[in-house]
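Let's work through some exercises together, with the model open beside you. Try each task yourself before you read the solution.

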Amino acid sequence: MTQQTHLTSEAPDTSTAPAPADPRLLTTAASPRGWLQALKRNLRGGELGPLPVIVGLILIAVVFQSMNDRFLSPQNLSNLTVQIAAIGLMTTGVIMVLLLGEIDLSVGSVAGLSAGVLGVLAVRYGVNEWLAILIAVVAGLLVGLLHGVIFAKVGVPAFVVTLAGLLGWQGLHLFLMGQDGSINTSPNGPIALLTQTYFVPLVGWGVVAIALACYLVSVLAAEAKRRRAGLPCKKAPEVALRTLLLALPLAGGAWVLNQYKGVPLAFLIFVGFVVSLDLVLRKTRYGRMVYAVGGNAEAARRAGINVDLIRVSVFAIASALASLGGIMLVSRNFAASVSTGAGEELMMAIAAAVIGGTSLFGGRGNAYSALLGGLVLGAISSGLLLLQMDTSVRFMITAAVLLVAVILDAASRRGRKTHARGGA
Amino acid sequence: MSTPVLELSGISKTFGAVRALSEVDFHVAPGEVVALLGDNGAGKSTLVKVIAGAHAADSGGTISWEGEPVSIDSPSDAQRLGIATIYQDLALCDNLDIVANLFLGNEELHFPGTLDEVAMESRARELLDSLSVRIPSLRVPVASLSGGQRQIIAIARSLLGQPRVVMLDEPTAALGVAQTAQVLDLIERLRDQGLGVVLISHNMADVRAVADRAVVLRLGRNAGDFPIAETSYEEIVAAITGAADNPVTRRSERADTPAAATKDH
Ligand SMILES: Nc1ncnc2c1ncn2[C@@H]1O[C@H](COP(=O)(O)OP(=O)(O)OP(=O)(O)O)[C@@H](O)[C@H]1O
Ligand SMILES: [Mg+2]
């Protein structure tokens, strides 16, 4: 029986002292030069991270601002953040599905269906608006469960299941709306307030301060724990730099939004979902399982992961998030109409996820793609609107941006492959 | 040799009309590397799957673990006993890093449901150090590892459950010379730590390098059990092919007389 303990507890003496770093491991010097070198290494290895999107955003800002100086005005930027919230919520759901290596073509129709359910319940039947919102989200959840079960248990490709959903739920949406082309919701009920509420400056600054404090405390705690365990950890200057890089956009955003009406509730809801999804994906066992199933479903199955359960749950969550997007659409238009979710929403939600950096090939990407991709698409449409350009131009430009994003995705995938081998 | 940790006797397995294993006996002791040899279709993988609980054996045979009769009806039965199996298709998640792959499905948690990355990374480091495996960073995706490193990660992954017997189905089949040597080193280290190792391989050089015994299967039956050190290459080949006059001996004779070789064509 003695040999049982050998493997982990009687490790050779190298483990008592922190093992010296492997000579093959290129270390990152804690200096701007070291960081730059590490960045270059990552780029060459196909780990692009959020860099292309951020460069794209800056480019868009510079171009549109030079053509119309209202583009970067607080009012325009504030409107932009409210505009992207609805499709952004749909994008967060799409991202989860893409991480599985699948696709959900029904998010637009599900958003529309939930909008219809909300309108019919709240206006035609006079149901309490909060309750109506809850029922609309649950409806979306059930739709997603159905998609997930047909996909995971019956084995129909997700593409087909959700294509049927795209048609079918739009049909049900039209059926629910009946004769009404559009149902106007109360202009000052909870539904409308979702996108009409702005917070006083103090709240915006408070949110920024709390977010930064949480970030700093959690990073410092994690690094301290790593140091105690003798694991490689980030040096203080790097932590400071990262905090600064986070503080700049947060503080800048709050400052700009406070110049107009304050931080909008809709944007806070959207960002809240993005951050929560990110934490779930990176820090929990569930998120690890989602990535594992997306990376290699067979490996996940052999590791004892209930692959079907993960798939069903992801489709359910995706549809519930699409419903939330639909509710935001109703809120912004003060109405649920037959065209809610039936237009470009699906395409834009998927495009935003990919532009934000989530791979179509599964297993790679993160929740922040929804925010970054949404900002890119929102900025393009807002800029073109200011320039009084037609939708036709917007579609073509969006298509070009999407293509660039997909090409980057494919190229970085190839980069990872060629840089992958020959380690030992 | 000490008493076997795992012993099978009279194991049969039929798939429909195919009798893949008939009355096979097999045993492995702690600290012993047993090579399981045989031609394609001899039943090696089937035997390994029976031991791993992936296939149920036909009734009639017995399996005993440390002298006690046991039944292995599912993979989790085998795992609970302490049998780890590394199949040839490694089943790693390329998009996840080494630590995540090592602990996949077995993550260490702190609050309900949240990952304890520090505990996992320390344990991974300890485990790999104990195997004298040097991998520069544990936080790179396994896609970036070499074939040998991937094989090593797959083996290390199975060791987290602290098994007593490790079975490897053709672990070096796709590897280069240096990487094969790494994996063979690892097998020796497992043996030195007192594990029983079952190694399926078609590569006689690997078998001679690390195995203590060779168990030969032919057409689903036992065809010999040889101590490697005292057995010649020809004897083992004869057992695998079932004849002293076999393609391998004929070929080596031809090589001895080049004229005959050209005439054959
Ligand atoms: N699931 C199965 N269903 C039906 N027949 C099977 C099954 N698995 C194996 N067999 C048969 O059992 C026999 C033994 O196969 P096995 O895979 O054990 O051979 P092997 O010794 O591992 O060969 P190789 O060296 O090619 O891997 C073969 O005739 C094969 O066709
Ligand atoms: Mg086989």
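The exercises below go from chain A to chain B, each with its worked solution.

This is a predicted model, in which local features need pLDDT of at least 70, side-chain atom pairs count only at pLDDT 80 or more, and totals for chains, interfaces and linings use all residues. Residues are numbered from 1 along each chain as its sequence is written, chains are lettered from A and ligands numbered from 1 in the order in which they are written, and side-chain values use heavy atoms, with hydrogens and water left out.

**Exercise 1.** Find how many helices and strands chain A has, and what share of chain A is buried.

*Solution.* Begin with the secondary structure: chain A has 17 helices and 2 strands. Here helices (H or I, at least four residues) and strands (E, at least two) are DSSP runs, numbered from the N terminus. Next, take burial: 45% of the 424 residues in chain A are buried. Buried means under 20% relative accessible area, exposed over 50%, and partly exposed in between, with a 1.4 Å probe and protein chains only.

**Exercise 2.** Describe how α5 and α14 of chain A pack.

*Solution.* Two packed helices are described by the angle between their axes and the distance between the axes. For α5 (residues 107-124) and α14 (residues 307-333) of chain A, the angle is about 55° and the axes lie 7 Å apart. Axes are lines fitted to C-alpha atoms, for helices over the stretch in contact, and angles run from 0 to 180 degrees between N-to-C directions. α5(A) is therefore oblique to α14(A); angles under 35 degrees count as roughly parallel, over 145 as roughly antiparallel, 65 to 115 as roughly perpendicular and the rest as oblique. Now look at who touches whom: the contact (heavy atoms within 4.5 Å) includes A:V107 and A:L118 of α5(A), and A:S319 and A:V330 of α14(A). Its residues divide into 8 nonpolar, 4 polar and no charged. Ala, Val, Leu, Ile, Met, Phe, Trp, Tyr, Cys and Pro count as nonpolar, Asp, Glu, Lys and Arg as charged, and the others, Gly among them, as polar.

**Exercise 3.** Is A:T185 buried or exposed, and which residues does A:T185 touch?

*Solution.* Locate A:T185 in the loop between β1 (182-184) and α8 (190-196) of chain A. Because its relative accessibility is 6%, A:T185 counts as buried. Leaving out residues up to four places away in sequence, A:T185 touches A:V123, A:I191, A:V330, A:F334 and A:A335.

**Exercise 4.** Work out the strand order of the open sheet in chain B, and find what packs on the sheet.

*Solution.* The 6 strands follow the order β6-β7-β8-β3-β9-β10, with mixed pairing. At the edges are β6 (83-86) and β10 of chain B, each pairing on one side only. Two strands pair if DSSP finds at least two bridges between them. β9(B) and β10(B) run antiparallel and are joined by 5 bridges. Helix α6(B) packs on the sheet and touches β3 (33-37), β7 and β8 (196-200) of chain B. The direction of α6(B) makes about 150° with that of β8(B).

**Exercise 5.** Where does B:L219 lie, and is B:L219 buried or exposed?

*Solution.* B:L219 sits in the loop between β9 (213-218) and β10 (221-227) of chain B. Its phi is near 50°, a positive value in a residue other than glycine. Because its relative accessibility is 62%, B:L219 counts as exposed.
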